[in-house]
Amino acid sequence: MDALEEIFGKTAQMTVLKNLIAHKDESTYLSGIADETGLSHSSVARVITPLIKSDIVIEKPLGKQIRTFRLNLENEKTKLILEFYNRLNMID
C-alpha cells in the first residue's frame, strides 16, 4: 500500500487514478486500465467519469465505440495531484 492509499483508502477511483499516473505520458483504453488494475470494465467506466468531468482525465473517441484516456497534464488540478502524489511518495 502506498502513501496515497494509506491516507485515502484503496478505492476503485484511487486505483484508476494511480494507474493513469503511472502511465501519465500515454493514452490508454478502459480495457487496458481494467486489465492492469484487476477492476471490471464497468467499474473503470464508472469511476473514470468524474475524473473526466473535472477535466483531470481527457477522453478522446477513436471511431464509434473506442475511447482513449489520458491524464490532462495541462490542468491545474492534475498538476496539484501529481505534485502531491510525488511528494507523498518521497516521504516514505
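Lys79 and Glu76 are both part of helix H5 (residues 76-91), where three residues, about one turn of the helix, lie between their positions in the chain. In this predicted model, the two residues form a salt bridge whose closest N and O atoms are 3.3 Å apart. Lys79 is partly exposed, because its relative accessible area is 38%, whereas Glu76 counts as exposed at 53% relative accessibility.

A salt bridge also links Arg87 to Glu83, with the closest N and O atoms 3.7 Å apart. These residues are four apart in helix H5, so about one helical turn separates Arg87 from Glu83. Arg87 counts as exposed, with a relative accessibility of 54%; Glu83, with a relative accessible area of 42%, is partly exposed.

## The Glu59–Arg67 pair

Side chains of opposite charge can pair when their charged atoms come close. Glu59 and Arg67 form a salt bridge in which the closest N and O atoms are 2.8 Å apart. Glu59 is partly exposed, since its relative accessibility is 30%. Arg67 likewise counts as partly exposed, at 34% relative accessibility.

A search of the whole structure gives a total of three salt bridges.

Asp55 is located in the loop that runs between helix H4 (41-53) and strand E1 (57-62). The phi angle of Asp55 is near 70 degrees, which is a positive value in a residue other than glycine. With a relative accessibility of 37%, Asp55 counts as partly exposed, because that value falls between the 20% limit for buried and the 50% limit for exposed residues.

Conventions:
Residues are numbered from 1 along each chain as its sequence is written. This is a predicted model: local features need pLDDT of at least 70, side-chain atom pairs count only at pLDDT 80 or more; totals for chains, interfaces and linings use all residues. Side-chain values use heavy atoms; hydrogens and water are left out. Helices (H or I, at least four residues) and strands (E, at least two) are DSSP runs, numbered from the N terminus. Buried means under 20% relative accessible area, exposed over 50%, partly exposed in between (1.4 Å probe, protein chains only). A salt bridge is a side-chain nitrogen of Lys or Arg within 4 Å of a carboxyl oxygen of Asp or Glu.
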